[in-house]
Amino acid sequence: MSTPFPFTAIVGQDDLRLALLLNAVSPAVGGVLVRGEKGTAKSTAVRALAALMPEVPVVRECRFSCDPAAPDPACPDGPHTAVAGVSREARMVELPVGASEDRLVGALDIERALSEGVKAFEPGLLADAHRGILYVDEVNLLHDHLVDLLLDAAAMGASYVEREGVSVRHAARFLLVGTMNPEEGELRPQLLDRFGLTVEVAASRDTDLRVEVVRRRLAYDDDPAAFAAKWAGAESDLRERIAAARALLPQVRLGDDALRQIAATCAAFEVDGMRADIVMARTATALAAWAGRTDVQEEDVRQAALLALPHRRRRNPFDAPGLDEDKLDDTLSENSPSGEGDEDPEPDGPDDDGGPDGGGPGGGPQPPQDNGPQAHDTPPGDDAPQEDTPAPQNPGQGAPTGGGEQSAAPAAEPFRTRMLSVPGLGEGAAGRRSRARTEHGRTTGAVRPQGALTRLHLAATVHAAAPHQHARGRTGRGLVVRRDDLRQATREGREGNLVLFVVDASGSMAARQRMSAVKGAVLSLLLDAYQRRDKVGLVTFRGKEAQVALPPTSSVDAAAARLESLPTGGRTPLAAGLLRAHDVLRVERLRDPSRRPLLVVVTDGRATGGPQPVALAGRAARLHAGEGVASVVVDCESGMVRLGLAGELARELGGTAVTLDELRADSIAGLVKDVQGNSTRSTRKAA
């Protein structure tokens with residue numbers, strides 16, 4: 001077994017370490033979601049925490065880690081009566097992104113259940129993680145239904161497995177830790193709210209701190225055992241402090257004054273529901289126990305707010321998480337007990353000794369404290385303009401003149417869009433856009449299982465077994481079922497698609513009011529793609545070329561940021577934009593062949609620049625049509641006189657054209673239909 005990197009040897013990242021330790025003291029806090037860029041010790045810190053967890057007594061040979069002092073009466077391996085326990089280390093179980101539902105919650109042997117009446121249950125990762133740590137790296141890439149199952153189990157402390165009337169329940173209490181890189185996509189606000197605490201991590205910009213990080217990592221890689229031995233004293237001290245805080249936790253008193261501050265803070269920041277209040281109360285109590293106190297103080301409430309509230313203030317994917325600390329201080333001051341609001345108490349919490357671990361490696365030299373970006377600050381560079389975004393020379397300039405480049409126009413207010421879907425039946429990742437064969441959804445038929453049976457079609461199985469009962473010597477009431485009788489249910493639900501936007505940023509689109517409307521429409525479609533769990537990509541064309549502004553990603557807020565800074569001007573190389581989109585889809589088809597694309601071209605249909613630009617654009621469009629790519633053209637042409645060029649482009653693509661007004665779900669023309677249009681479907685039916 002490899003030697004983990006010592007928790008006390010992690011440099012900086014005080015908020016991350018504190019959040020993990022608070023959950024180790026009080027798992028009722030509800031877990032931690034760690035958000036940050038790659039290479040910021042997210043996974044290292046989680047794995048290091050497992051080594052600090054106290055040993056757990058378990059019933060011998062119980063697959064569900066029951067406590068001998070209080071075994072689970074509903075344990076599938078039970079009942080356990082008067083059994084001696086054994087101690088083992090707390091487990092850290094990792095949930096891979098590609099895990100199936102059966103791997104997470106466990107699997108029932110339906111064949112034995114039908115033929116023998118036996119609940120043969122194979123435990124999943126939730127059972128393995130009971131009384132330990134469940135770690136989900138890249139939790140934002142996990143399928144939504146798995147995240148729902150995971151968070152439901154964490155909230156209820158139990159896992160339920162139901163298959164065709166056969167039910168199994170077992171305890172599943174664990175410290176849940178998820179990590180994610182926001183550049184790869186966000187979690188839905190409903191799922192964010194289920195994590196107790198969230199911390200933002202970023203690499204320090206302090207040179208001395210970065211030097212110390214590299215020095216310690218190289219020393220660990222050279223000799224992990226010797227490096228761990230050097231930090232063994234600090235690890236032992238921290239382990240003892242966790243145990244002491246756990247023992248003190250039941251004695252901590254959450255007074256009415258602190259409770260009023262918690263409620264006032266949640267109300268002031270307008271968080272939804274009551275979960276934030278409850279999590280803040282539990283976190284403040286854990287903070288007091290961690291500091292060795294039996295009363296919750298104002299600094300505990302403040303620190304709890306910084307850890308529990310930022311992620312609960314996101315209302316849509318384009319909102320940045322964060323908390324106004326000045327507003328927080330004002331709220332706490334206004335709701336302090338009489339006479340205490342003007343005081344500035346000296347904190348005696350976990351920061352007194354230089355960090356949540358209570359000091360360094362047994363008196364060894366410590367690196368300088370990180371005075372750079374904190375976890376709740378915006379990482380440096382997030383607000384910086386894109387390199388290819390020109391600074392406006394004249395903020396007040398109006399419409400473009402000629403082919404010159406114009407500054408980026410702001411996006412209009414987004415709106416709810418009409419439903420756009422890919423025709424046919426796909427087999428892609430679960431989502432909410434186009435029809436597909438999925439693991440979840442309505443049952444549409446039955447087939448013979450290929451491999452392990454995961455979704456039994458009970459009626460079809462009985463129908464297949466019934467004619468053979470006499471030949472199989474059936475004498476009692478039970479049905480004699482063989483492997484060949486089993487039938488797998490086929491289900492139809494919705495899939496997520498790859499929505500590739502091809503946006504015309506040429507001079508013909510550069511009127512500021514017009515471009516604002518176009519950006520507002522694309523922003524609305526991005527929001528719709530987020531809600532339907534699509535991947536998105538962005539290709540822009542202007543001047544002499546087309547560029548991939550954003551390769552296909554699950555991060556719609558990254559696409560929105562690129563769109564916001566999009567300048568306009570120059571000629572209209574429509575063919576170049578379509579050909580670049582073709583290249584993107586070709587590469588993505590190799591990476592993820594089951595995810596069907598939806599091409600959204602946002603243009604007025606004009607094509608200029610180079611020889612025969614209109615003919616070239618037509619040939620590029622027919623290239624997409626020949627490969628069966630579903631497409632829609634958002635017609636941005638305005639004015640009294642319209643040339644109808646976008647409609648011509650849509651016909652070449654084999655798709656349909658909609659105006660900006662028709663794109664709205666509440667418009668008269670905004671009827672739900674497939675992107676290839678009613679005429680295409682009518683032609684198919686006639687054929």
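**Ground rules.** I am working with a predicted model, where local features need pLDDT of at least 70, side-chain atom pairs count only at pLDDT 80 or more, and totals for chains, interfaces and linings use all residues. Residues are numbered from 1 along each chain as its sequence is written, and side-chain values use heavy atoms, leaving out hydrogens and water.

**Helix 20.** I looked up residues 645-653, where Ala646, Gly647, Leu649, Ala650 and Leu653 are buried (under 20% relative accessible area, 1.4 Å probe, protein chains only). Down the axis of helix 20 these buried residues fall within an arc of 160 degrees, so they line one face (the arc is that of the directions from the helix axis to the C-beta atoms). They pack against helix 18, strand 18, helix 19, strand 19 and strand 20; contact means heavy atoms within 4.5 Å.

**Leu616.** I then moved to helix 19, where Leu616 lies. Leaving aside residues up to four places away in sequence, Leu616 touches Ala575 and Pro611. I also noted 8.8 Å between the C-alpha atoms of Leu616 and Ala576, 40 residues apart along the chain.

**Helices 11 and 13.** My last stop was the pair at residues 256-268 and 298-308, whose axes are 10 Å apart at an angle of about 30 degrees. Helix 11 and helix 13 are therefore roughly parallel (angles under 35 degrees). Helix 11 brings Ala258, Gln261, Ile262 and Thr265 to the contact, and helix 13 brings Glu298, Val301 and Ala305.

Definitions and conventions: Buried means under 20% relative accessible area, exposed over 50%, partly exposed in between (1.4 Å probe, protein chains only). Helices (H or I, at least four residues) and strands (E, at least two) are DSSP runs, numbered from the N terminus. Axes are lines fitted to C-alpha atoms, for helices over the stretch in contact, and angles run from 0 to 180 degrees between N-to-C directions. Angles under 35 degrees count as roughly parallel, over 145 as roughly antiparallel, 65 to 115 as roughly perpendicular and the rest as oblique.
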